Structure formats: C-alpha cells, structure tokens
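Take a look at the chain below. Follow it from one end to the other, then read on for a guided walk through its parts.

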Amino acid sequence: MASQGTSSDDLCEPTLRADAERNRTLVLAAAHEVFAEQGLGAPMNEIARRAGVGIATLHRRFPTREDLIAATFAVKMKTYVEAIDDALQDPDPWRGFCGYIDRVCEMQASDRGFTHVLTLTFPTAKAFEADRNRSYQGCIELIARAKETGRLRPDFSPEDLILLLMANAGVISATGESAPGAWRRLVAYMVQAFSADHTEPLPPAPTPTAMYRAMIRLRPR
C-alpha cells in the first residue's frame, strides 16, 4: 500500500522512466545493427522487431527517421568533431590535414552504418547539425592553415572534402565485403591530387548551396 501522501501514480513514474530508457537503448542498438546491414533506408518495422518493441513505441521515441539516425550516430558525430580538433592541434598543418582525411575516411569504413551519414544533412536534428557545423568550420580553418604552408593546392575548397567523402562512401559500399581496404587507395590518390605539386586547373568546385542541396537529396526517405 502506498504511504499517505504518495499516490500509486508517483510510485509508477520511476518504473515508467526506466522502461522508456531501456526501450530507447534497445531501439538504438537495433538501429545501429540494421543500418549497418541494410543502409539508412532500412525498414523501421525491422528495427522495432529486433529491438523487441512495437512500432508505435519506436515512433513515440523517434518520430522521424532523421531523429533515429541522428540519435543512433550522435556519439560517432562527437568523434568526428574530435577528429578536426585533433587535426587543428597538430603543429604541422599539412600533416594535420592529411591525417584528418585518413581518420574520417577510416571512420566511414569501420562503421558501414555511418558511411553515408557524413554526406547527409538533418535540419531538424539541431544538436547533430551543430556538431556537423562546428566540424565544418574547423575544416575551413584547417584548410586555410594547410594552404599557408604551401603544401595544399590553392584552389582546394571545403566542398572538395564533401565530394571525397561521397566518393569514399560509394567505394566502401561497393567493395566493403570483397575488398575492404580499397578505400585507402582512393584516399591516397586524392590526397596526392590535393597537393600543391598538382596545379593543373580544375573545373569549378560546387557552391556550398549546391552541395547542401545534394546532401538533402541523399537523405533516405
């Protein structure tokens, strides 16, 4: 019997909160597994089934696919931000730039669910996008520093990095099982092309607006 002044609803609240948190954990674990296997467009019903919850429970916790993707990869996005912070701390900006590219591309390769996340944008996931924007601003600074050393070609654009991540995502998706290290060759080729030793004129880089629209269009529906 509940003590005087304590309702049964009050006693149930901690249990309900614990159940909700457990369901959230189960859904995120299942989402990470399913996204890795089937891509970010995987059926929400399959995620709910593996989590052992009803689809209504999943949608109550994560109303949209964007919400679920952002929550699933929130920790990974924090690591992405740490990568640019580490690169900016390198006393050799060119080495920091090259190391950053290799580290981020390896993050794509090591987590197939995360492969395409870096090339998408989720406007409604505010915290997720804030981390992405912070990393993007860090990239702009890193690129400027690398150019000042004379090692990075002067026409390199932040949008070129997005193009590289898109290309790397495609290579990883195509070769992940049969040739899991193939992405390293692509990245090595591209880093060499980014060097100031290669100064042949390039076609214009896409504008930031054009790349943003491309990232929007790539989102799974």
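Read along its sequence, the chain follows the pattern α-α-α-α-α-α-α-α-α-α. That makes ten helices and zero strands. Here helices (H or I, at least four residues) and strands (E, at least two) are DSSP runs, numbered from the N terminus. The model is predicted: local features need pLDDT of at least 70, side-chain atom pairs count only at pLDDT 80 or more, and totals for chains, interfaces and linings use all residues. Residues are numbered from 1 along each chain as its sequence is written, and side-chain values use heavy atoms, with hydrogens and water left out.

Start with the overall form. The C-alpha trace spans about 80 × 40 × 30 Å along its principal axes. The accessible surface comes to about 12,000 Å², and carbon and sulfur atoms hold 56% of it. Such areas come from the Shrake-Rupley method with a 1.4 Å probe; for residues, only the protein chains shown count as cover. Of the 221 residues in the chain, 40% are buried. Buried means under 20% relative accessible area, exposed means over 50%, and partly exposed lies in between (1.4 Å probe, protein chains only).

Now look at how the chain meets itself. A contact means heavy atoms within 4.5 Å. Among contacts with a separation of 6 or more, 71% join residues 24 or more positions apart.

What lies inside? The largest nonpolar core has 54 residues. Such a core is a set of buried Ala, Val, Leu, Ile, Met, Phe, Trp, Tyr and Cys residues joined through side-chain atoms within 4.5 Å. Those with the most contacts inside this core are Phe35, Ile47, Leu68, Phe97, Tyr100, Ile101 and Val117. Helices α1 (8–38), α2, α4, α5 (74–89), α6, α7 (126–148), α8 (158–175) and α9 each supply at least two of its residues. The largest share, eight residues, comes from α6. Pick out isoleucine 101. Not counting residues up to four places away in sequence, isoleucine 101 touches Leu161, Leu164, Val187, Val191 and Phe194.

Why is helix α4 (residues 65–72) largely enclosed by the rest of the structure? Six of its eight residues are buried, so the rest of the structure largely encloses α4. The buried ones are Arg65, Glu66, Leu68, Ile69, Ala70 and Thr72.

Turn to the charges. Side chains of opposite charge can pair when their charged atoms come close. A salt bridge is a side-chain nitrogen of Lys or Arg within 4 Å of a carboxyl oxygen of Asp or Glu. The whole structure has 16 salt bridges.

One of them joins glutamate 46 to arginine 50, with the closest N and O atoms 2.7 Å apart. Both residues lie in helix α2 (residues 44–51), four residues apart, about one turn of the helix. An α-helix has 3.6 residues a turn, so residues three or four places apart point the same way. Glutamate 46 counts as buried at 19% relative accessibility, while arginine 50 counts as partly exposed at 29%. This pair also belongs to a network of salt bridges that links Glu33, Glu37, Glu46, Arg49 and Arg50.

Another salt bridge joins glutamate 106 to arginine 184, with the closest N and O atoms 3.1 Å apart. This pair links distant parts of the chain: glutamate 106 sits in helix α6 (residues 93–110) and arginine 184 in helix α9 (residues 182–194), 78 residues apart. Glutamate 106 is partly exposed, at 35% relative accessible area. Arginine 184 is partly exposed too, at 42%.
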